[in-house]
Amino acid sequence: MSAESHSPDNDINAYMHGLGRAARAAGRRLAASDGGARNTALHAIAARLRHERDALRTANEVDLAAGRESGLDAALLDRLTLTDARIESMAAGLEQIAALPDPVGAVSHLDPMPSGIRVGRMRVPLGVVGIIYESRPNVTADAAALCLKSGNACVLRGGSEALHSNRAIADCIAAGLAEAGLPETAVQVVGTTDRAAVGALITLDAFIDVLVPRGGKGLIERIMREATVPMIKHLHGVCHCFVDAGADADMAERVVVNAKTQRYGTCNTLETLLVDAATAPALLPRLKTVFDGHGVELRGCERSRAIVDGITPAQADDWDAEYLAPILSVAVVDGIDAALEHIDRHSSRHTEAIITRDHARAQRFLREVDSSSVMVNASTRFADGFEYGLGAEIGISTDKLHARGPVGLEGLTTQKYIVLGEGHIRE
Ligand SMILES: NC(=O)C1=CN([C@@H]2O[C@H](COP(=O)(O)OP(=O)(O)OC[C@H]3O[C@@H](n4cnc5c(N)ncnc54)[C@H](OP(=O)(O)O)[C@@H]3O)[C@@H](O)[C@H]2O)C=CC1
Ligand SMILES: N[C@@H](CCC(=O)OP(=O)(O)O)C(=O)O
């Protein structure tokens, strides 16, 4: 072999090629597999996760120690942490997914045509899904389970900070698949943190059918530039809440505080609060007191700062920021038109909410805001597959084609036409 073929890039390309080829073969077997076998695997993986709880926590401790050492902030460390309760919730999540109806092979609209043939649609797996995601180990189990249930093989590239945790979870998944007689290569975790592996994955169009990138702008920009595999974008969330004139102040406080503080590090966390000028003088002082209690820094426009002391002046880039941290930008706006305008300019089209008592303005907000979830009088934190009754989610699509919003089993499948004849020929 030439010196060049030993270079890390070449090795990584060969390695990723191997994962892709194995995934493609496993995908074909999964697509043809019995739903019962896939459910058996899900239950076996859940049992393994419970049984290997100590090993999982030990592996996770290695990641956490490295994360602390490298100065990972509190929200990211929280996202990385596996506790006994989180391991139990991963296992229970797998069992819940097993209990969902099997989407694969369902036939709909089988209707007779004038020619005599019958034409219907059959729900089928996408094939092989490549998922690139943040350092959140539970996603490894959730994503594997959703892909498995929907008959897809997957290649999982989690965040580098979670590598040891992900490998330990992958071992449990492989054991569960083997126990159910399914190919272990149906779920493969990329075993290197080298981003060259991402570069290879996103161009493996011979083997990968669709990419699910969950991440921030840097990731998506790279994929938009380089990928030859189609993707369902799961982008960052710059989520807004607009508190309308005449809104119930208690409700506004409850919802806004929940949307900001229930978890700081998630994509559906509130990042910008818009308050109608008529509501701001009464609402902002009480919100400031509550947010002070939570240690949330408010960064506001001049009008908000004229109402309450202690709000940091917002800079231009605050309106486009996804903080994933105890920081909230605040703007006072003149009515719903100004709120819609601001949202249109700055939203990442993930999730927005209005707090209102006015039916007409609620309807306008629902119709006019162009985001994957639009809410009335509810916390943006509800944008979640489990909360929407999907059982679980692979993420929240900010794309418009194929799947939008929380993506569950249906989003991981497609439909093909099936045609049934009895020797029919076209005249
Ligand atoms: N819409 C949704 O469903 C979801 C959205 N998100 C969003 O993800 C972000 C939070 O996660 P964060 O960890 O900061 O996200 P990042 O985008 O930094 O990382 C996510 C994954 O992408 C990889 N990655 C990032 N940039 C590149 C690149 N240029 N080339 C190759 N790989 C890359 C990371 O690898 P590495 O480990 O090497 O950095 C990691 O595996 C937030 O914006 C959040 O809103 C998160 C989850 C779900
Ligand atoms: N649906 C999830 C949020 C999506 C998600 O995974 O976000 P992140 O914490 O950024 O990885 C939830 O509500 O917890």
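Modeller: A polar contact here is a pair of N or O atoms within 3.5 Å. By that criterion a backbone N or O atom of C267, at 3.4 Å from an oxygen atom of ligand 2, makes such a contact. The model is a predicted one, and the distances and areas that follow are computed from it.

I shall continue with ligand 2. Its shell holds 13 residues, and those that come nearest are E134, R136, R214, D384 and E393. For R136, a polar side-chain atom is placed 2.3 Å from an oxygen atom of ligand 2. The side chain of R381 also takes part, with an N or O atom 2.9 Å from an oxygen atom of the ligand. On its own, ligand 2 would expose 380 Å², and the protein buries 90% of this area. Sorted by class, the residues around ligand 2 are seven charged, three polar and three nonpolar. Domain 1 (4–234 + 394–420) and domain 2 (239–382) each contribute at least three residues to this shell.

Ligand 1 is surrounded by 26 residues, of which Y133, S160, G216, E322 and I396 are the closest. I396 contributes through its backbone, where an N or O atom is 2.6 Å from an oxygen atom of ligand 1. Of the 890 Å² that ligand 1 exposes when taken alone, the protein buries 85%.

As to secondary structure, α9 (217–226) and β14 (395–397) each provide at least two residues of the shell around ligand 1. The largest share, three residues, belongs to α9. The class composition of this shell is 11 polar, eight nonpolar and seven charged residues. Ligand 1 lies between domain 1 and domain 2, because both give residues to its shell.

According to the domain assignment, the protein comprises domain 1 (4–234 + 394–420) and domain 2 (239–382). Their C-alpha centres are 34 Å apart, and the contact involves 12 residues of domain 1 and 13 residues of domain 2. The size of an interface is often expressed as the accessible area lost when the parts come together. Here the area buried between domain 1 and domain 2 is about 930 Å², with carbon and sulfur atoms giving 47% of it. I396, T398 and R404 account for 43% of the area that domain 1 buries against domain 2, more than any other three residues.

Note on methods. Residues numbered from 1 in each chain as written. Chains lettered and ligands numbered in written order. Predicted model: local features only at pLDDT ≥ 70, side-chain atom pairs only at ≥ 80, totals over all residues. Heavy atoms only, no water. Near = heavy atom within 4 Å. Polar contact = N/O pair within 3.5 Å; in protein donor to acceptor, adjacent residues only side chain to side chain. Areas by Shrake-Rupley, 256 points an atom, 1.4 Å probe, with all protein chains shown as cover. Helix = DSSP H or I, 4+ residues; strand = E, 2+ residues; numbered from the N terminus. Nonpolar A, V, L, I, M, F, W, Y, C, P; charged D, E, K, R; others polar. Domains from an automatic or database assignment. Contact = heavy atoms within 4.5 Å. Buried area = accessible area lost by both parts, 1.4 Å probe.
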